[in-house]
Amino acid sequence: MASCEQVAAIGRVLADPGRDLACRFRALFTLRNLGGAEAIEWMSRTFTDESALLKHELAYCLGQMQDRRAIPILISVLKDTKQEPMVRHEAGEALGAIGDPGVLDLLKEYSLDPVIEVAETCQLAVGRLEWLETQEEKPLEDGSTDQNPYCSVDPAPPAVRKSVPELRSCLLNESLPLFDRYRAMFALRNLGGEDAVLALGEGLQCSSALFRHEIGYVLGQMQHPAAVPALCATLEHPGENPMVRHEAAEALGSIGKQECLAVLQQYLGDGERVVKESCEVALDMLEYENNDQFQYADGLVRLQV
């Protein structure tokens, strides 16, 4: 167990805008894995940073930690209309991931937010909390189900007992509730294989930017090379929502194939800051994946602090 001094040393790296972003990301994921009040405090105070990408990942990590002590800061971020939409969205998702029914009314209120990505996220979070109350599928202690090989706390539980064609049909049916389509998305991820990856890739053409962004995240988790063409096309599309392009870039870094390297390097100078920074982080991720020194999901970081 890390001492308070060690946590503070890592926290100072996270909070230091003079450090390169990749180093700060490694500090963030280390704090997430260490957990505890001190780690949450350092993460909370970094929401004043200028990088929307970093603040988005702060909220994500706080949700994955599932520590109720993070709820007040996440509520504050969700309510703060001066924060970027992708940051507020992630705060809403994190509140759903923590799973405390005490935030249900707040999430219902923000399900009507004028920012569509925030509204849709809060609708999904409400759906997750209501699903938890029904115990349709009893979650494990970490909030995941036994069908999830990735150990992530997802915005919706996976659909059960369906084939890839059935799940693809649900995924792409825009007349269905978003929560049901998310369930199909996570079921396809958990099934794995090229057919599931290609079905998910088709979802990158759906109308909801939030939905497309989550598909990018899922394809990054799967790390299947069959996803590379669709993710490259998404990153290369200048009219695509920056939130979606950012997730495509990080997914390419996670997959870590040689063809991913060239496209990430190409967009290091992108005019959208969140895309540019995502390519920086993705290249760092790709380097460590290929060197087998560090897994972002595990937070096994060697930091100079």
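Exposed, in my notes, means over 50% relative accessible area, and buried means under 20%. I'm working from a predicted model.

**Entry 1: the loop between α8 and α9**

I started with R161, which sits in the loop between α8 and α9. Is R161 buried or exposed? Its relative accessible area is 78%, so R161 goes down as exposed. I also looked up its backbone: phi is positive, about 55°, although R161 is not a glycine.

C151 turned up in that loop too, between α8 (116–134) and α9 (164–172). Here phi is near 60°, again a positive value in a residue other than glycine. C151 has a relative accessible area of 57%, so I wrote it down as exposed.

**Entry 2: cysteines**

A disulfide is a covalent bond between the sulfur atoms of two cysteines. How many disulfides are there? I got a count of zero.

The cut-off is 2.5 Å between the sulfur atoms.

C23 comes out at 8%, so it counts as buried. C4 has 54%, so it counts as exposed.

**Entry 3: helix α12**

Next I picked α12, residues 209–222. Does its length fit a helix of 14 residues, or what span should I expect? At 1.5 Å a residue the helix should span 20 Å, and its end C-alpha atoms are 20 Å apart, so the two agree.

Then I looked at how covered α12 is: 14 of its 14 residues are buried. Just after the helix comes Q223, which takes a positive phi of about 55°.

**Entry 4: the second largest pocket**

Last stop was the second largest pocket, which holds about 230 Å³ of space. Its lining has 14 residues, and those nearest the centre are E84, M86, P242, M243 and V274. Two or more lining residues come from each of α4 (52–65), α6 (85–98), α14 (242–255) and α16 (273–291).

Which helix gives the most to this lining? I noted α16, with three residues. What kinds of residue make up the lining? I have seven nonpolar, six charged and one polar.

How values were computed:
Residues numbered from 1 in each chain as written. Predicted model: local features only at pLDDT ≥ 70, side-chain atom pairs only at ≥ 80, totals over all residues. Heavy atoms only, no water. 1 Å grid on protein atoms, 1.4 Å probe; cavity = no way out; pocket = protein on both sides within 12 Å on 5 of 7 lines; lining within 4 Å. Points joined across faces, edges and corners; volume = space filled by probe spheres on them. Helix = DSSP H or I, 4+ residues; strand = E, 2+ residues; numbered from the N terminus. Nonpolar A, V, L, I, M, F, W, Y, C, P; charged D, E, K, R; others polar. Expected span 1.5 Å × (residues − 1). Buried < 20%, exposed > 50% of the residue type's maximum accessible area, 1.4 Å probe, protein only.
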